[in-house]
Amino acid sequence: MTMMLAFGASWLGAVWFWRSTNRVPATDDLVLYLLVLPLALLAAFWLGRKIYSGISMPAAAATSTAAAQPAAPVAPPRGPSLSLVAAAVRAPHGASPAELGATLAENKARPALDPELNDAYGYPVMSARIADIDADATRTEMSDWLAANHMAPHYSDEQWRALSAGSEVVVELSAYLGAHPLLELHAGQVARREPLSLPMLQLQPVWQADWKPEHRQAAALWFRHLVIQSGWPEDRITVAPERGAVDTEAGTVLARLLSNEPPALAMLVTCGSHLGTGSVERLENGGALFSANLPQGQIPGEGAAGLLLTDALQATLLGTGGEHPQLLAVSSGRLPHSADQSKRANAELLQELSAKALHDAGREASAIALISADTDHRTSRVMELMGVASEATPQLDPGVDIFSVGASCGNCGAVTWLTALAVARQEAESRKAVILCISNLDPFRRDVAVIGPAAAVPV
């Protein structure tokens, strides 16, 4: 009811003002008055309620706890963890997790009218575009390599943009592997046929749902080629096998990597671009493209992101002092009905997944210093995220301590959440605190990850 009142009052007031002044609103006016203003009213209401509760609850609780001696809290058990040795991103508002995190903190990251893409009426669409992607250079270099290896998949222009960003991420992460101290010993061990001490690197790509098998296979082998070019031995890298729908769900991949027997060394990478006429037409034909007439539509984005994950021993070998943020837990689930079709936002599943992830990580909700999410501008996603924040982390300021990557960088499937994870790793390292990373961009799937601060591992 509160949400309906906030949006109803804002929309009616804006329409009355524009009609009374005979003014035609611009796109910025539509976004400001039809989306930003009602969300600001809801945030103010939520903050006021929390302040009131904070004042009234201690007095009421004092009488019930005066005679009781509270028991010391018992920390839940810790499960396995993986060290997040490195992260890399190419996003519309940052070429690194640190740069993107700083822009998000300053609230300066915004989608804009696209300089190249128009809707069916000839108006430019709102998008989140990376300005300096050199797709032509990647197309030339990769096409020569594909021809030499007798592969000829046909990539669209937007796929070439994705592959350009993804290639940069793979090369950046591969540079960290060059510091492995066992690389020099590897060639000698191979020559002498001794047991190999250099770990097997598992390359795990996560693809866009609309990429065909031939696109995925060729791109995976290209990424493998880039890792080998960076100096990693060809016989110590394997590409994770195709797993159908799993290849589009980063949460499933992370949960598998975080199993009881995780790989010693893994590179998780994803890339995508929805900035092409094909993607825009699909969104528009499905009634899902953001416009002045459809403020709850999606804003297309693009980018790439990757994580380098290791066990404790490899983290020590690859890092200075062996101190890296930790992936402590991942929890996933599916909504029974599409969030795009629901009449009201329901945060129950995300709340359950957050509680489970924190329990598995052995951390309390009060320890969370920030939430990094792939949430975009749509009211259903914003209210769902706020529902989790208000119940689980009332200590957080929604305007400062919640980063919504999707609202800034647009919708790009798995790329958006893996970008949020990369930002979460950066914030865990810089703040030395626990970060909650949430994915609710998909209509059905929900994921929650807990990122712990840098922890010393045995040397």
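User: What gives the most to the lining of the second largest pocket?

Analyst: α9 gives the most, with three residues. Helices here are DSSP runs of H or I with at least four residues, strands are runs of E with at least two, and both are numbered from the N terminus. α8 (250-257), α9 (277-285), α14 (414-431) and β12 (445-456) each supply at least two residues of this lining. The model is predicted, so local features need pLDDT of at least 70 and side-chain atom pairs count only at pLDDT 80 or more, while totals for chains, interfaces and linings use all residues. Residues are numbered from 1 along each chain as its sequence is written, and side-chain values use heavy atoms, with hydrogens and water left out.

User: What makes a set of points a pocket or a cavity?

Analyst: On a 1 Å grid over the protein atoms alone, a pocket is an open set with protein on both sides within 12 Å along at least five of seven lines, whereas a cavity is a set of points where a 1.4 Å probe fits but cannot get out; lining residues have an atom within 4 Å of a point. Points are joined across faces, edges and corners, and a volume is the space filled by probe spheres set on them. The second largest pocket has a volume of about 770 Å³. Among its 29 lining residues, Ala 209, Asn 411, Gly 413, Asp 442 and Pro 443 are the closest to the centre. By the cavity rule, the count comes to two cavities of 30 Å³ or more. The largest cavity has a volume of about 60 Å³, and of its 13 lining residues Glu 302, Cys 409, Val 415, Thr 416 and Thr 419 are the closest to its centre. β7 (302-310), α13 (405-409) and α14 each supply at least two residues of that lining.

User: Why is Pro 199 called buried?

Analyst: Buried means under 20% relative accessible area, exposed over 50%, and partly exposed in between, with a 1.4 Å probe and protein chains only. Pro 199 has a relative accessible area of 8%, and is therefore buried. Pro 199 lies in the loop between α6 (183-191) and β4 (201-206). Counting contacts as heavy atoms within 4.5 Å, and leaving out residues up to four places away in sequence, Pro 199 touches His 180, Trp 232, Arg 236, Ala 264, Leu 265 and Gln 314. One of these, Gln 314, is placed in helix α10 (residues 312-318); at 5% relative accessibility, Gln 314 is therefore buried as well.

User: How do you know that the buried residues of α9 are on the same side?

Analyst: The buried residues of α9 are Ser 279, Val 280 and Leu 283. They cover an arc of only 100° around the axis, so they lie on the same side of α9. The arc is that of the directions from the helix axis to the C-beta atoms. These buried residues pack against β2 (112-118), β3 (124-127), α5 (157-177) and β6 (265-273). On the other side of α9, Thr 277, Arg 282 and Asn 285 are exposed.
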